[in-house]
Amino acid sequence: MADFRILEDTPKSVSRRRFIQGVIAGGAAVSSANYLFRAATLPAVGERLITLNVNGRQRRVDVPKQETLAWTLRYKLGLTGTKLGCDRAECGACTVLIDDVPHYSCSALTHTVRGRRVVTIEGLASPDGTLHPVQQGIIEEQGFQCAFCMSGFIMATVGFLKTNPSPTRSELAHGISGNLCRCQDYDKILTAMMRGAEIMRGLTHA
Ligand code: FES
Ligand code: FES
């Protein structure tokens, strides 16, 4: 406070108002310089075009190096079933399968999944509309409240069941513990997922 008074009381010094204006203008200049520098170093659009295998289809898409898979899926390919919750590898809402293994798509750079198989919630049902057994289990058990977390839980469960098709309840709970539910509907979610596993085993053994 004393410093400000000195500045304001001394006509030949820079006033507080001018000082702040200078800081803001300087910051803007630095920001502009950063932006221009980035723009100059980013590859041209043609160089960023890549092909992704998503839900069994080859998708051509323009992707900057720093873009996450969740962003590409949702905002470039229109696959909004993949949700963005925390956007920092904590909640699991963005879970997709990459080569059959569940991954947080908010924390995977799109360029790193070139040549790999990405499956999102939109790619689970059969072409004739038949739901995946895990989806069917949810229909039967009504496992979710708001369902924001649902697609992430489904993808995590589908991935887990590929490695352990007959889990106990606690094994499955552990297997999908990387997914969080804000409604805290865990017990019902687990029941639904266990039902999905049961349906899947029935289909496998039919
Ligand atoms: S949005 Fe990816 S883990 Fe939460
Ligand atoms: S059911 Fe609402 S966040 Fe999980």
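**Reading salt bridges in a helical model**

Modeller: Let us begin within a single helix: Arg 195 and Glu 198 stand 3 residues apart in helix H7, so about one helical turn separates them. The model is a predicted one.

Colleague: What links Arg 195 and Glu 198, and how far apart are the closest N and O atoms?

Modeller: The criterion is a side-chain nitrogen of Lys or Arg within 4 Å of a carboxyl oxygen of Asp or Glu. Arg 195 and Glu 198 form a salt bridge, with 3.2 Å between the closest N and O atoms. As for accessibility, Glu 198 is partly exposed, at a relative accessible area of 43%.

Colleague: With which residue does Arg 195 form a salt bridge at 2.6 Å?

Modeller: That partner is Glu 140, the 2.6 Å being the distance between the closest N and O atoms. Arg 195 belongs to helix H7 (residues 186–205) and Glu 140 to helix H4 (residues 133–141), so this pair ties together parts that lie 55 residues apart in sequence.

Colleague: Which residue meets Asp 187 in a salt bridge?

Modeller: The side chain of Asp 187 meets that of Arg 169, at 2.8 Å from N to O. Since Asp 187 lies in helix H7 and Arg 169 in helix H6 (residues 169–175), the pair ties together parts 18 residues apart in sequence. Asp 187 is exposed, with 55% relative accessible area, whereas Arg 169 counts as partly exposed at 31%.

Colleague: Which residues are linked in a network of salt bridges?

Modeller: Asp 100, Arg 117 and Lys 162 are linked in such a network.

Colleague: How many salt bridges does the count come to?

Modeller: By the rule stated above, the count is 10 salt bridges.

Colleague: What is the mean pLDDT of the chain, and where is the pLDDT below 50?

Modeller: The chain has a mean pLDDT of 84, and 76% of its residues reach 70 or more. Over residues 1–40 the pLDDT is below 50, and this stretch has 8 contacts in the model beyond near neighbours in sequence.

Definitions and conventions: Residues numbered from 1 in each chain as written. Chains lettered and ligands numbered in written order. Predicted model: local features only at pLDDT ≥ 70, side-chain atom pairs only at ≥ 80, totals over all residues. Heavy atoms only, no water. pLDDT = per-residue confidence, 0-100. Contact = heavy atoms within 4.5 Å. Helix = DSSP H or I, 4+ residues; strand = E, 2+ residues; numbered from the N terminus. Buried < 20%, exposed > 50% of the residue type's maximum accessible area, 1.4 Å probe, protein only.
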